[in-house]
Amino acid sequence: MTLYGIIAHIGYGGAPSNLEYLVVAGGGAGGGTTDISGGGGAGGVRTGTVTISTGVTYTATVGGGGSTTSASGTASSLSGSGITTVSASGGGGGGSWNIS
């Protein structure tokens, strides 16, 4: 089973199953409208495989991109009982500089 996006519900009727995951954090916002501005950094990425079981709730948190000038993106994560939480850090916000 491959996961791309948000886990809402995974239903299956068997023994524990492997789940391939892709966790992507939000990117940082650009530096703004000054004379010289840099772009925001990309959000972190984590991939791998975990073993999931029936009757366990798993939570996927999707981090947002930087919402204001130079704001950092927020982290994304995958967690649940019996698995190690997987977390990706948000990207840094872009810088800016006035020439005058």
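Trainee: Which residues make up the largest nonpolar core?
Mentor: The model is predicted. Its largest nonpolar core holds 11 residues in all. They are Leu19, Tyr21, Val23, Ala25, Val50, Ile52, Tyr58, Leu78, Ile83, Val86 and Ala88.

Trainee: Which strand gives the largest share of this core?
Mentor: β1 (17-24), β3 (45-52) and β6 (86-88) each supply at least two core residues. The largest share is three residues. Those three come from β1.

Trainee: Which residue of β6 is the bridge partner of Ser77?
Mentor: Ser77 lies in strand β5. β5 (residues 76-80) pairs with β6 in the antiparallel sense, over three bridges. Ser77 also touches Ser87, among other residues. Its bridge partner in β6 is Ser87.

Trainee: Is Ser77 buried or exposed?
Mentor: Leave out residues up to four places away in sequence, and Ser77 touches Val23, Thr59, Ala60, Thr61, Thr85, Val86 and Ser87. Its relative accessible area is 17%. The cut-off for buried is under 20%. So Ser77 is buried.

Trainee: Is Asp35 buried, exposed or partly exposed?
Mentor: Asp35 sits in the loop between β1 and β2 (36-37). Its relative accessibility is 47%. Buried needs under 20%, and exposed needs over 50%. Asp35 therefore counts as partly exposed.

Trainee: What is the C-alpha to C-alpha distance between Asp35 and Ser96?
Mentor: In sequence, Asp35 and Ser96 are 61 residues apart. In space, C-alpha to C-alpha, they are separated by 7.5 Å.

Trainee: Which residue has its backbone nitrogen reached by the side chain of Asp35 at 2.7 Å?
Mentor: Set aside neighbours within four places in sequence, and Asp35 is in contact with Trp97, Asn98, Ile99 and Ser100. The Asp35 side chain reaches one backbone nitrogen at 2.7 Å, that of Ile99.

Definitions and conventions:
Residues are numbered from 1 along each chain as its sequence is written. This is a predicted model: local features need pLDDT of at least 70, side-chain atom pairs count only at pLDDT 80 or more; totals for chains, interfaces and linings use all residues. Side-chain values use heavy atoms; hydrogens and water are left out. A nonpolar core is a set of buried Ala, Val, Leu, Ile, Met, Phe, Trp, Tyr and Cys residues joined through side-chain atoms within 4.5 Å. Buried means under 20% relative accessible area, exposed over 50%, partly exposed in between (1.4 Å probe, protein chains only). Helices (H or I, at least four residues) and strands (E, at least two) are DSSP runs, numbered from the N terminus. Two strands pair if DSSP finds at least two bridges between them. Contact means heavy atoms within 4.5 Å. A polar contact is a pair of N or O atoms within 3.5 Å; within protein, one must be able to donate a hydrogen and the other to accept it, and residues adjacent in sequence count only if both atoms are side-chain atoms.
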